[in-house]
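Visitor: Hi, I've got a structure here and I'd like to talk it through. Can you put it up?

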Amino acid sequence: KDGQIVVAQWSPYEVAAAAGGWQKLPSVREALEAGARYAEERGEEGLHGRTQLIITPGYRFQVVEALLTNFHQPCSTLLLLVAAFLGSEDKVQQIYKLALENEYRFLSYGDSSLLIPSQFLSKDQSATESKLLKR
């Protein structure tokens, strides 16, 4: 569209489904290399475009291992991103319950949280995470 790359809201999910699953998609490196080739073939120094992506549970993160974010308003699409990142809406509910019980502040000028999915934690760190969520 007018020389720009546009990624529609549900494109990653549709492409993954057509490919037979997330595991069949190109790696991050392959995608970046394809983007560089695309720009080079057109004599461009770089790429620019826009996206309307929405990240919901089921989205496969490929680069990010941690997320620093504030506590979002209920029913916010940002909660969908957090649930997708943690892999479970149940974990989000546990974290928000803990935040409410401890009177954390919400929204833009409130408290923040560092979220790290358990697959990136050591066994000791995962045990500590479980204790924090259960208190």
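Visitor: What do the buried residues of H1 pack against?
Guide: They pack against strand S1 (5-7). Contact here means heavy atoms within 4.5 Å. Helices (H or I, at least four residues) and strands (E, at least two) are DSSP runs, numbered from the N terminus.

Visitor: Which residues of helix H1 are buried?
Guide: Ser 11, Pro 12, Tyr 13 and Ala 16, within a helix of residues 11-19. Buried means under 20% relative accessible area, exposed over 50%, and partly exposed in between (1.4 Å probe, protein chains only).

Visitor: And what follows H1?
Guide: Gly 20. Its phi is positive, near 95°.

Visitor: Where do these values come from?
Guide: This is a predicted model: local features need pLDDT of at least 70, side-chain atom pairs count only at pLDDT 80 or more, and totals for chains, interfaces and linings use all residues. Residues are numbered from 1 along each chain as its sequence is written, and side-chain values use heavy atoms, with hydrogens and water left out.

Visitor: New topic. Where is Thr 56?
Guide: In the loop between S2 and S3.

Visitor: Why does Thr 56 count as buried?
Guide: Because its relative accessible area is 11%.

Visitor: What does Thr 56 touch?
Guide: Trp 10, Tyr 13, Leu 80 and Ala 84. That leaves out residues up to four places away in sequence.

Visitor: On to pockets. How much space lies in the largest one?
Guide: About 860 Å³. On a 1 Å grid over the protein atoms alone, a pocket is an open set of points with protein on both sides within 12 Å along at least five of seven lines; a cavity is a set where a 1.4 Å probe fits but cannot get out; lining residues have an atom within 4 Å of a point. Grid points are joined across faces, edges and corners, and a volume is the space filled by probe spheres set on the points.

Visitor: How many residues line the largest pocket?
Guide: There are 26. Val 7, Ala 31, Leu 32, Leu 53 and Tyr 59 lie nearest its centre.

Visitor: Which element supplies the largest share of that lining?
Guide: H2, with five residues.

Visitor: How many cavities of 30 Å³ or more are there?
Guide: A search of the whole structure finds one. The largest cavity has a volume of about 40 Å³.

Visitor: What lines the largest cavity?
Guide: Its lining residues include Thr 69, Phe 71, Leu 86 and Tyr 96.
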